[in-house]
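Here is a short report on a protein chain and its ligand. Look over the sequence and the fold, then read on.

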Amino acid sequence: MKRKLLIFIGIVAVIIAGVGYYFSQNRDTSIGIDNSIANEDSKVGTTTLDSERVLVVYFSQGGNTQKLAKEISDQVGGDFRRIEPITPYPDGDELLDYAKTEQDNDERPEIKDIDVDMTKYDTVFIGYPVWWYTYPQIILSFFDNYDLSDKTIVPFVTHGGSGMSGAEEDMQTYLKDKNVTVLEGLPVSRNVIENDQSETVSNWLKELGLK
Ligand SMILES: Cc1cc2nc3c(=O)[nH]c(=O)nc-3n(C[C@H](O)[C@H](O)[C@H](O)COP(=O)(O)O)c2cc1C
């Protein structure tokens, strides 16, 4: 009888821990959008890439991915753009259901024009927060609106625990008719995003053979 009780308590504890992990991973704890981080043009980079032919583009709801994007842009140079929805996303818990519904319905939220000539670039770094184990649908809006044919795509994400979540494969599949090359992405946990990310980014670029 005592053994059965212990097994029951064990099962309940595992369920509670699992549910707790699930919610803690998906809830949003972000540093906040920094309005002083603006779009930029023609920056000089410190990699082997021709910075004139580089674009760093990102979507960020709460600022974590924006911070990472800015660090990457400062190192690789080129043009720097933020992807923004025409209809702003809700904040807080409301966003969880909103984003899930958007994903379930395979929606393409309308995005603001980012004012670039895509033919200028060979390499496009694309960043976003992991939402429900993959990219937010707004990234697909970007893919649908801007022609990435023949380009090298380099993804980066911030997340609450699920890492890259297969982003490279998902992008390769979505863009299979565009002859893109997708390099290994950089996942950064939101738990460390407040720390200086310059070394992490630099090491990643070295691993990719870009530094
Ligand atoms: C709608 C929603 C879904 C999320 N889903 C996941 C997830 O599946 N896996 C994960 O690790 N983090 C998930 N998160 C956490 C975010 O990826 C993380 O907080 C991220 O750093 C937020 O970036 P931002 O501040 O640039 O918006 C989710 C957050 C939200 C708002």
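## Order of elements

From the N terminus on, the protein chain runs α-β-β-α-β-α-β-α-β-α-β-β-α. That comes to six helices and seven strands. Helices (H or I, at least four residues) and strands (E, at least two) are DSSP runs, numbered from the N terminus.

This is a predicted model: local features need pLDDT of at least 70, side-chain atom pairs count only at pLDDT 80 or more, and totals for chains, interfaces and linings use all residues. Residues are numbered from 1 along each chain as its sequence is written.

## Burial and contact range

Of the 211 residues in the protein chain, 31% are buried. A residue is buried if 20 or more other C-beta atoms lie within 10 Å of its own, exposed if 12 or fewer, and partly exposed in between; C-beta atoms are placed from the backbone.

Take the contacts in the protein chain with a separation of 6 or more: residues 24 or more positions apart account for 81% of them. Two residues are in contact if their C-beta atoms, placed from the backbone, lie within 7 Å.

## The nonpolar core

The largest nonpolar core has 37 residues. Val56, Val57, Tyr58, Ile72, Val124, Phe125 and Ile139 have the most contacts inside it. At least two residues of this core come from each of strand S2 (54-58), helix H2 (64-76), strand S4 (123-129), helix H4 (137-145), strand S5 (152-159), helix H5 (167-174), strand S7 (186-189) and helix H6 (198-207). S2 gives the most, with five residues. Such a core is a set of buried Ala, Val, Leu, Ile, Met, Phe, Trp, Tyr and Cys residues joined through C-beta atoms within 7 Å.

Which residues does Val57 contact, leaving aside its neighbours within four places in sequence? They are Arg81, Ile83, Ile114, Val124 and Ile126. In H4, the buried residues are Gln137, Ile138, Ile139 and Phe142. H3 and S4 are among the elements that cover them.

H2 has 13 residues and reaches 19 Å from its first C-alpha to its last. This is close to the 18 Å expected at 1.5 Å a residue; the expected span is 1.5 Å times one less than the number of residues. H2 is mostly covered, with 12 of its 13 residues buried. Among them are Asn64, Leu68, Ile72 and Val76. Just after H2, Gly77 takes a positive phi of about 70 degrees.

Gln75 sits in H2. Why does Gln75 count as buried? Because 22 other C-beta atoms lie within 10 Å. Leaving aside neighbours within four places in sequence, Gln75 contacts Gly45, Thr46, Thr47, Val201, Ser202 and Leu205. Gln75 and Thr47 are 28 residues apart in sequence, yet 7.0 Å apart in space, C-alpha to C-alpha. Thr47 is in the loop between strand S1 (40-43) and S2. Thr47 counts as partly exposed because it has 19 C-beta neighbours inside 10 Å. Thr47 and Gly77 are 30 residues apart in sequence and 8.3 Å apart in space, C-alpha to C-alpha.

## The ligand shell

How many residues surround the ligand? There are 26, and the closest are Ser30, Gly62, Thr65, Pro129 and Gly160. A residue is near a molecule if its C-beta atom, placed from the backbone, lies within 6 Å of it.

Helix H1 (2-26), H2, helix H3 (93-104) and S5 each supply at least two residues of this shell. The shell divides into eight nonpolar, 16 polar and two charged residues. Here Ala, Val, Leu, Ile, Met, Phe, Trp, Tyr, Cys and Pro count as nonpolar, Asp, Glu, Lys and Arg as charged, and the others, Gly among them, as polar.

## Positive phi in loops

Tyr133 has a positive phi of about 70 degrees although it is not a glycine. Tyr133 is in the loop between S4 and H4. With 14 C-beta neighbours inside 10 Å, Tyr133 counts as partly exposed.

Ser165, also not a glycine, has a positive phi near 55 degrees. Ser165 lies in the loop between S5 and H5. Ser165 has 19 C-beta neighbours inside 10 Å, so it counts as partly exposed. Asp106, which follows H3, has a positive phi near 50 degrees.
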